[in-house]
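Please keep the sequence and the structure in view while reading.

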Amino acid sequence: MIVTAFGSDTGRIREVNQDMCEIRCFKSGEVLALVCDGMGGERGGNIASETACYSISKYIEEKLDKKRAGSVCDMLTNALKKANAAVREKAAANTDLKGMGTTAVGVMVRDDSEHLHIVNVGDSRVYQVRGEGIRQLTHDHSVVQMMVDNGEITEEEARTHPKKHYITRAVGVMDKLDVDYIAADFEKGDKLLLCSDGFSNYFDINEIYQLMQGEEFEKLPQKLIDAANSRGGSDNITVAVITKKD
């Protein structure tokens with residue numbers, strides 16, 4: 001059985017929550033979780049993240065209903081590309097929304113499958129907790145991640161770097177969108193965490209592992225949000241968790 005929970009919070013500093021989270025359970029058995037972190041001013045960020053979430057979910061629903069999904073990789077990747085077009089179309093129709101965009105990370109799982117599928121654009125993340133271990137499954141598309149990859153700064157320095165909010169890919173910004181697709185195994189007892197950078201910027205991977213322990217699963221999102229707020233809550237905070245139980 002797939003169990004999910006999510007939560008989103010404006011944080012302590014921002015006046016508006018530009019994050020968007022959605023979890024869908026489709027009739028065909030798939031469960032989809034999405035986290036989008038909008039950018040482009042108050043109104044633009046909201047609209048970009050909402051538009052992307054709606055577009056991705058709707059596209060996947062239509063494909064699954066028609067049983068024409070093809071490969072999961074193609075379906076999820078095309079869903080983000082459709083969302084890219086939808087966000088750009090709205091921006092083109094309203095000069096106030098020019099330049100808006102959003103991150104997008106999505107996870108698709110099934111109860112009867114030992115595999116999970118991820119698509120990612122931007123710096124919202126997916127972590128997998130299994131037993132006494134944790135790993136980050138996504139790779140950030142950001143300036144500081146490039147600096148880490150090049151050995152210029154450490155992961156710890158990246159969390160407080162002045163350019164930590166500069167992302168190199170976003171839904172809705174360019175005509176062409178490059179989407180990362182990641183496949184991984186998914187076993188009973190695994191916990192998946194999707195989060196915006198309003199959460200991940202505050203914690204290293206070992207702290208995230210500790211936060212994911214010792215709580216009723218359905219209460220985890222609020223626990224994680226409270227933890228990020230306790231460290232300052234300088235950004236919107238959005239988290240979604242998924243597990244497979246007997």
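Asn201 sits in the loop that joins helix 5 to helix 6, where helices (H or I, at least four residues) and strands (E, at least two) are DSSP runs numbered from the N terminus. The model is a predicted one, in which local features need pLDDT of at least 70 and side-chain atom pairs count only at pLDDT 80 or more, whereas totals for chains, interfaces and linings use all residues. Residues are numbered from 1 along each chain as its sequence is written, and side-chain values use heavy atoms, with hydrogens and water left out.

Asn201 counts as buried because its relative accessibility is 17%; buried means under 20% relative accessible area, exposed means over 50%, and partly exposed lies in between (1.4 Å probe, protein chains only). Apart from neighbours within four places in sequence, Asn201 is in contact with Arg159, Lys164 and His165, contact being heavy atoms within 4.5 Å.

Phe199, Tyr202 and Phe203 form one aromatic cluster. The whole structure holds 2 aromatic pairs, and Phe199 and Phe203 make a tilted one, with 4.9 Å from centre to centre and 40 degrees between the planes. For such pairs, rings of Phe, Tyr and Trp (its six-membered ring) must have centres within 6.5 Å, and planes under 30 degrees apart count as stacked, over 60 as edge-to-face and the rest as tilted. Both Phe199 and Phe203 are buried.

Arg231, in the loop between helix 7 and strand 11, touches Tyr202, Phe203 and Glu207, when residues up to four places away in sequence are not counted. Is Arg231 buried or partly exposed? Its relative accessible area is 41%, so Arg231 is partly exposed.

Within helix 7, the residues Leu220, Pro221, Leu224, Ile225, Ala227, Ala228 and Asn229 are buried. The cover over these buried residues includes strand 1 (2-9), strand 10 (191-195), helix 5 (197-200), helix 6 and strand 11 (237-244). After helix 7 comes Gly232, which has a positive phi near 135 degrees.

Met212 belongs to the loop between helix 6 (205-211) and helix 7 (220-230), and its relative accessible area of 1% makes Met212 buried. Leaving out residues up to four places away in sequence, Met212 touches Val129, Lys191, Leu192, Leu193, Leu220, Leu224 and Val241. Met212 and Val241 are 29 residues apart along the chain, and their C-alpha atoms are separated by 9.5 Å.

## The largest core

In soluble globular proteins, nonpolar side chains tend to be buried together. A nonpolar core is a set of buried Ala, Val, Leu, Ile, Met, Phe, Trp, Tyr and Cys residues joined through side-chain atoms within 4.5 Å. The largest such core has 28 residues, of which Leu32, Ile56, Ile60, Leu80, Met100, Met108 and Val171 touch the most other members. At least two residues of this core come from each of strand 3 (30-39), helix 1 (41-65), helix 2 (72-93), strand 5 (104-110) and strand 6 (115-121), and helix 1 gives the largest share, 8 residues. A second, separate core of 23 residues includes Cys195, Met212, Ile225 and Val239.

## The chain as a whole

The protein chain has 7 helices and 11 strands. Its radius of gyration, taken over C-alpha atoms, is 17 Å, close to the 18 Å that the globule rule gives for 246 residues, so the chain is as compact as a globular protein of that length; the rule is 2.2 Å times the number of residues to the power 0.38. Buried residues account for 53% of the 246 residues. Of the contacts between residues at least 6 apart in sequence, 70% join residues at least 24 apart.
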